[in-house]
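Here is a short briefing to keep beside you while you look through this protein. Have the sequence and the 3D view open as you read.

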Amino acid sequence: LNAYFTPNERLQFFALSGYGFHSNDTRVVVAQGGREILPRALGLEAGATVKVLPRLLLTLGAWRLNLEQEFVYVGDEAVVEPSGKTTRQGFDLAARWQLNSWLFADFDLNYTLARADEGPEGENYIPLAAPWTSIGGLSWNIKNGLNGSLRYRFLGDRAANEDNSVVAQGYFLNDLVLNYTRSNFEIGFAVQNLLNRAWNEAQFDTESRLQAESQPVSEIHFTPGTPFHFTAHVSLFF
């Protein structure tokens, strides 16, 4: 059920709601025959979109998501397990700005407070649910054929377990794309991780034990993120 109110050509209010189902592991759904494994999800959102300037559009929304059952990944067994009801709530801010005829900017910032409904205070974090995320950048398309983008993506630090005693580190990365495009060919290159930052991609709090350790240790296990990576290409159009 959605509702919109547009008092003038520069402003629109909205209220959105919907029911859905939550599952992050189809293996479990198949094994259960779909029974008692697709918990309901209720989402609510309200906000406004405003054209601050003729070429600047802002959208701000506050939202809430209730899950009948949360599924959390267990690294030791490579499966997910149910962990009770959860609530997520937060806000989204989005901006789209046409700086001139060929240069565009966009920005998205998201905040989420994610907690388990049935856990005690301080031990009710949802593992790997990030409070802060953001993407944005500049894009250009010049009439002489030059086009491309300079973008960033940000993922904040987040709890890796229920009591936030182990933290998965966030990252801030930049990517660059630059092309020269004509009617029958294109030459360009792309750079991932422009500043060559060290970062972790997949991260999980998992117990492990090295040969010299007397007891298992619960700590972050991770997949290293992509380092500086340069790719060039030539395309022909027929």
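This is a predicted model: local features need pLDDT of at least 70, side-chain atom pairs count only at pLDDT 80 or more; totals for chains, interfaces and linings use all residues.

- Eleven strands form an open sheet with antiparallel pairing.
- Reading across the sheet, the strand order is S1-S2-S3-S4-S7-S8-S9-S10-S13-S14-S17.
- The edges are strand S1 (2-8) and strand S17 (229-236), each of which pairs on one side only.
- From one strand to the next, the twist averages 10°.

**A strand pair to look at**
- Strand S13 (residues 171-181) pairs with strand S14 (residues 185-192) in the antiparallel sense, over six bridges.
- Leu-176 has Val-191, in S14, as its bridge partner.

**The largest pocket**
- The volume of the largest pocket is about 420 Å³.
- Its lining is made up of 21 residues, and those closest to the centre are Val-72, Tyr-73, Pro-127, Ala-160 and Asp-205.
- Strand S5 (71-74) and strand S15 (200-208) each contribute at least two residues to this lining.
- Sorted by class, the pocket lining holds ten nonpolar, seven charged and four polar residues.

**The largest cavity**
- The model has one cavity of 30 Å³ or more.
- The largest cavity has a volume of about 40 Å³.
- Arg-153, Leu-173, Asp-175, Gln-192, Asn-193, Trp-199 and Thr-226 line the largest cavity.
- By class, that lining has three polar, two nonpolar and two charged residues.

Methods
Residues are numbered from 1 along each chain as its sequence is written. Side-chain values use heavy atoms; hydrogens and water are left out. Two strands pair if DSSP finds at least two bridges between them. Helices (H or I, at least four residues) and strands (E, at least two) are DSSP runs, numbered from the N terminus. Axes are lines fitted to C-alpha atoms, for helices over the stretch in contact, and angles run from 0 to 180 degrees between N-to-C directions. On a 1 Å grid over the protein atoms alone, a cavity is a set of points where a 1.4 Å probe fits but cannot get out, and a pocket is an open set with protein on both sides within 12 Å along at least five of seven lines; lining residues have an atom within 4 Å of a point. Grid points are joined across faces, edges and corners, and a volume is the space filled by probe spheres set on the points. Ala, Val, Leu, Ile, Met, Phe, Trp, Tyr, Cys and Pro count as nonpolar, Asp, Glu, Lys and Arg as charged, and the others, Gly among them, as polar.
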